[in-house]
Amino acid sequence: MRVISKRTLRQFWEDGRYTDAQGPLEAWHEEALKASWQTPQEIKEQFRSASILKGGRVVFNVGGNKYRLVVAIDYGRQACFVKFVGTHRQYDSIDAETI
């Protein structure tokens, strides 16, 4: 899977308030790069706590469930688009299916 873009993840942990997110986000990024998911079920097999949403969206719990990562996946192109990364509180204020 191509991840577009790691820069969004990096900006989050470099913010200064979320430096503890760097390790978990980098670990997720490495796993995603190695993956070749063809279906949402394959994601659930690898990440049991992931939530599958409409429109190819997936929500990952990161950092011991401290952070949420929303991605849009294009299975045909093998691309994963980072749409949102934030705390649970920040996540609660967005619509994960449209962000």
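Here are some friendly notes on this predicted model, point by point.

1. Overall architecture. The chain has four helices and five strands. Followed along the sequence, these elements come in the order β-α-α-α-β-β-β-β-α.

2. Dimensions. Along the principal axes, the C-alpha atoms occupy a box of roughly 35 × 25 × 20 Å. Buried residues make up 39% of the 99 in the chain. Looking at contacts with a separation of 6 or more, 43% of them join residues 24 or more positions apart.

3. The pairing of α1 and α2. Two packed helices are described by the angle between their axes and the distance between the axes. Here, helix α1 (residues 6–13) and helix α2 (residues 22–34) have axes that come within 10 Å and cross at roughly 170 degrees. Angles over 145 degrees count as roughly antiparallel, and α1 and α2 therefore run roughly antiparallel to each other. On the α1 side, the contact is made by K6, L9, F12 and W13, while α2 brings Q22, L25, E26, W28 and H29. Sorted by class, this contact of α1 with α2 has five nonpolar, two polar and two charged residues.

4. Salt bridges in general. Side chains of opposite charge can pair when their charged atoms come close. The structure holds three such salt bridges, and the next three points take them in turn.

5. R17 and D15. The side chains of R17 and D15 form a salt bridge at 2.6 Å, N to O. R17 is exposed, with a relative accessible area of 60%, whereas D15 is partly exposed at 38%.

6. K66 and D20. This salt bridge also has an N to O distance of 2.6 Å between the side chains of K66 and D20. What I would point you to here is the way the pair links distant parts of the chain: K66 sits in the loop between β3 (57–62) and β4 (67–74), D20 in the loop between α1 and α2, and they are 46 residues apart. K66 counts as partly exposed, at 44% relative accessibility. D20 is likewise partly exposed, with a relative accessible area of 40%.

7. R77 and D74. In this salt bridge, the closest N and O atoms of R77 and D74 are 3.7 Å apart. The cut-off for a salt bridge is 4 Å, so the pair at 3.7 Å is within it. R77 counts as exposed at 59% relative accessibility, while D74, at 24%, counts as partly exposed.

8. Backbone points to look at. Most residues other than glycine have a negative phi, and most peptide bonds are trans. With that in mind, please have a look at the peptide bond from I4 to S5, which is cis, with omega near 0 degrees. S5 belongs to the loop between β1 (2–4) and α1.

9. Positive phi at N65. N65 has a phi near 70 degrees, a positive value in a residue other than glycine. You will find N65 in the loop between β3 and β4, where N65 counts as partly exposed at 41% relative accessibility.

10. Positive phi at Q78. Phi of Q78 is near 55 degrees, again positive in a residue other than glycine. Q78 lies in the loop between β4 and β5 (79–87). Is Q78 buried or exposed? Its relative accessible area is 18%, and residues under 20% count as buried, so Q78 is buried.

Note on methods: Residues are numbered from 1 along each chain as its sequence is written. This is a predicted model: local features need pLDDT of at least 70, side-chain atom pairs count only at pLDDT 80 or more; totals for chains, interfaces and linings use all residues. Side-chain values use heavy atoms; hydrogens and water are left out. Axes are lines fitted to C-alpha atoms, for helices over the stretch in contact, and angles run from 0 to 180 degrees between N-to-C directions. Helices (H or I, at least four residues) and strands (E, at least two) are DSSP runs, numbered from the N terminus. Angles under 35 degrees count as roughly parallel, over 145 as roughly antiparallel, 65 to 115 as roughly perpendicular and the rest as oblique. Contact means heavy atoms within 4.5 Å. Ala, Val, Leu, Ile, Met, Phe, Trp, Tyr, Cys and Pro count as nonpolar, Asp, Glu, Lys and Arg as charged, and the others, Gly among them, as polar. Buried means under 20% relative accessible area, exposed over 50%, partly exposed in between (1.4 Å probe, protein chains only).
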